[in-house]
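Subject: Structure handover

Dear colleague,

Here is the structure for you to look over. My notes on it follow below.

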Amino acid sequence: MNKEVEKYFEEIITICHKNNNLSSTEERELLFKTVHRIRTDKEIVSKGVILIQSSVKAQSAKDINNFLQIIILELIAEVIKARRQLEEKTSAAKVSEISDSDNKVLYYISGYIIKYLEKKHSKQKNKQLRDRSLKTVSALTNSSGAVSFTDKFSVWYDKKNRGGLKKPCEDFFCMIREFERVVRENQYTEHNIASKEEIKEKVLEAFMIQHYADKLFYSELSSEEDVSDMCFLEDCLEIFLTIRGFAMARAIQRTISRGKIFDKSAPSKSLRGSLKSISGDQLSRN
């Protein structure tokens, strides 16, 4: 309840989370490096010991220091947990707005993207890297046959399948659905449609997308070089935005065409309509 102590811990949490999205293993490792630096900083620790000792005078400085070291770790862990729960709750509420028909299309696109990744990474010249890449791609499919909540979205998969389509696992489908959610939220700026690069940046910064990508692609990788060589997330996003861009262009074109066809204020271009118009003008002159 001590306001000064509360402010002290808030400052520590702010320093630890500065410019850190916390969604990937790499970012969490960076966070704990920052935490370790703070816990070994004599000036920061001494300040905390003095503040706490002013409220709990019966305890020694050594005991308070030990308490402080533990509580900093516990606080950071709780913040990470709370952040993940908040992001999952927010995401669940927003993806529920995506219709079943759109989910069916996204399911089909998810399988198409897996096939694209398989084809691309099978051309890797480095055998070791190729084998690891294809193993990662293979794990994106639902090969177990277990019942999944995504089964109800497999209509287009069943209709279009000629033996080459892939059935995405739950996490991969959820990541592609997160692509769609983030794109919908950011595709329009204040005055026009956002550029592809602007949308890419927003997607790659999204907490849940990094969360799924970390689980699907990078959890077993040990070096930054491996990540940069395989760049699965960027590949998935590029093909998704390409497919979505073509679909959006067609939708806009259809809207424009329908507007012209059903615009009642526009004069008829048929021969009969033209004759009526000419006859009406002649009658009005007479």
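Arg181 has a relative accessible area of 11%, which is under the 20% cut-off, so this residue counts as buried. In this predicted model, Arg181 belongs to helix 8. Apart from neighbours within four places in sequence, the residues in contact with Arg181 are Ser91, Lys94, Val95 and Ile98.

Glu185 is also placed in helix 8. Its relative accessibility is 40%, so Glu185 is classed as partly exposed.

Helix 8 covers residues 170-186 and is where confidence in the protein chain is highest, with a mean pLDDT of 92. At the other end of the scale is helix 11 (residues 224-230), where the mean is lowest, at 47. Over residues 221-229 the pLDDT stays under 50, and for that stretch the model has nine contacts beyond four places in sequence. Where pLDDT is low, the predicted coordinates should not be read in detail. For the protein chain as a whole, the mean pLDDT is 80, and 82% of the residues reach 70 or more.

Next, a helix pair. Helix 4 (residues 61-95) and helix 10 (residues 207-218) have axes that come within 10 Å and cross at roughly 105°. That angle lies in the range of 65 to 115 degrees, and the two helices are therefore roughly perpendicular to each other. On the helix 4 side the contact involves Arg83, Arg84, Glu87, Glu88 and Ser91, and on the helix 10 side Phe207, Met208 and His211. Sorted by class, this contact has four charged, two polar and two nonpolar residues. Ser91, listed here for helix 4, is also one of the contacts of Arg181.

On aromatic residues, the count comes to six pairs. One aromatic cluster is formed by Tyr107, Phe149, Phe153 and Phe173.

As for the overall make-up, the protein chain has 13 helices and zero strands. It has 286 residues, of which 33% count as buried. Taking contacts between residues at least 6 apart in sequence, 72% join residues at least 24 apart.

Regards

Methods
Residues numbered from 1 in each chain as written. Predicted model: local features only at pLDDT ≥ 70, side-chain atom pairs only at ≥ 80, totals over all residues. Heavy atoms only, no water. pLDDT = per-residue confidence, 0-100. Helix = DSSP H or I, 4+ residues; strand = E, 2+ residues; numbered from the N terminus. Contact = heavy atoms within 4.5 Å. Phe/Tyr/Trp six-rings, centres within 6.5 Å; stacked < 30°, edge-to-face > 60°. Axes fitted to C-alpha atoms, helices over the stretch in contact; angles between N-to-C directions. Parallel < 35°, antiparallel > 145°, perpendicular 65-115°, else oblique. Nonpolar A, V, L, I, M, F, W, Y, C, P; charged D, E, K, R; others polar. Buried < 20%, exposed > 50% of the residue type's maximum accessible area, 1.4 Å probe, protein only.
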